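Please look over the model below before reading on. The notes that follow take the strands and then the chain as a whole.

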Amino acid sequence: MLEFVLRGVLAFGMVLGIIFIHELGHYLAGRWVVGIPQADITIVMTDIPQHVALRADNKWVGPDEIEQYSALYEEYDPDHEYLERYIGAGELVQTLGVVIIAAIFVGIGLHGAATSLVIISVLTTGLYLVWDAAGSVYIGRPMGDYSALWEISPLAAIAVLSAFLISHLLMYVWI
């Protein structure tokens with residue numbers, strides 16, 4: 001029984017870690033690619049869904065407040081030159097992080113943990129993708145990363161998802 005609880009806690013920790021790495025991708029793209037100052041961007045892990053928020057005066061604005069969030073984003077990228085990279089960076093950094101961490105796990109002999117990490121990453125993203133697609137159809141506008149990326153560039157959305165799936169599949173086979 002204790003082992004079952006421990007495995008559940010570890011799986012939950014992996015989910016939170018994967019989500020944090022994903023949001024870190026958006027944050028880093030916002031800081032380094034878009035040029036948003038550190039004081040005006042933050043990762044919010046306490047809300048569901050977790051997200052990167054932008055500062056409006058003394059208030060943090062999340063992507064659920066799309067009009068205000070878009071206006072804040074456009075202050076730094078008025079021509080949307082970096083928008084695809086900002087949106088896609090979450091999934092790409094998640095992929096890179098999972099592959100690196102799984103490889104480290106394999107290197108130190110934790111094959112089961114590596115396999116679990118890869119599977120949890122795929123399941124987490126799969127659930128998010130279904131939630132994003134269903135919610136976007138329901139509300140009639142993009143609701144998450146993939147639907148927003150699809151609206152901007154279907155090719156970019158397909159490329160990001162393909163990179164994610166191929167990398168995870170190759171890592172799973174390698175383990």
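**Notes on the strands and the overall fold**

1. Five of the six residues of strand 2 (residues 51-56) are buried, so this strand is mostly covered; buried means under 20% relative accessible area with a 1.4 Å probe, protein chains only. This is a predicted model, in which local features need pLDDT of at least 70, side-chain atom pairs count only at pLDDT 80 or more, and totals for chains, interfaces and linings use all residues. Residues are numbered from 1 along each chain as its sequence is written, and side-chain values use heavy atoms, with hydrogens and water left out.

2. Strand 1 (residues 41-44) runs antiparallel to strand 2, joined by four bridges; strands pair if DSSP finds at least two bridges between them. Ile41 has Leu54 of strand 2 as its bridge partner. Six residues lie between the two strands of this hairpin.

3. Strand 2 also pairs with strand 3 (residues 59-61), antiparallel and over three bridges. Ala56 is bridged to Lys59 in strand 3. Two residues separate the strands of this hairpin, where Asp57 takes a positive phi near 55°.

4. The chain has six helices and three strands, as DSSP runs (H or I, at least four residues; E, at least two). From the N terminus, the order is α-β-β-β-α-α-α-α-α.

5. Of the 175 residues, 37% count as buried.

Technical notes: Buried means under 20% relative accessible area, exposed over 50%, partly exposed in between (1.4 Å probe, protein chains only).
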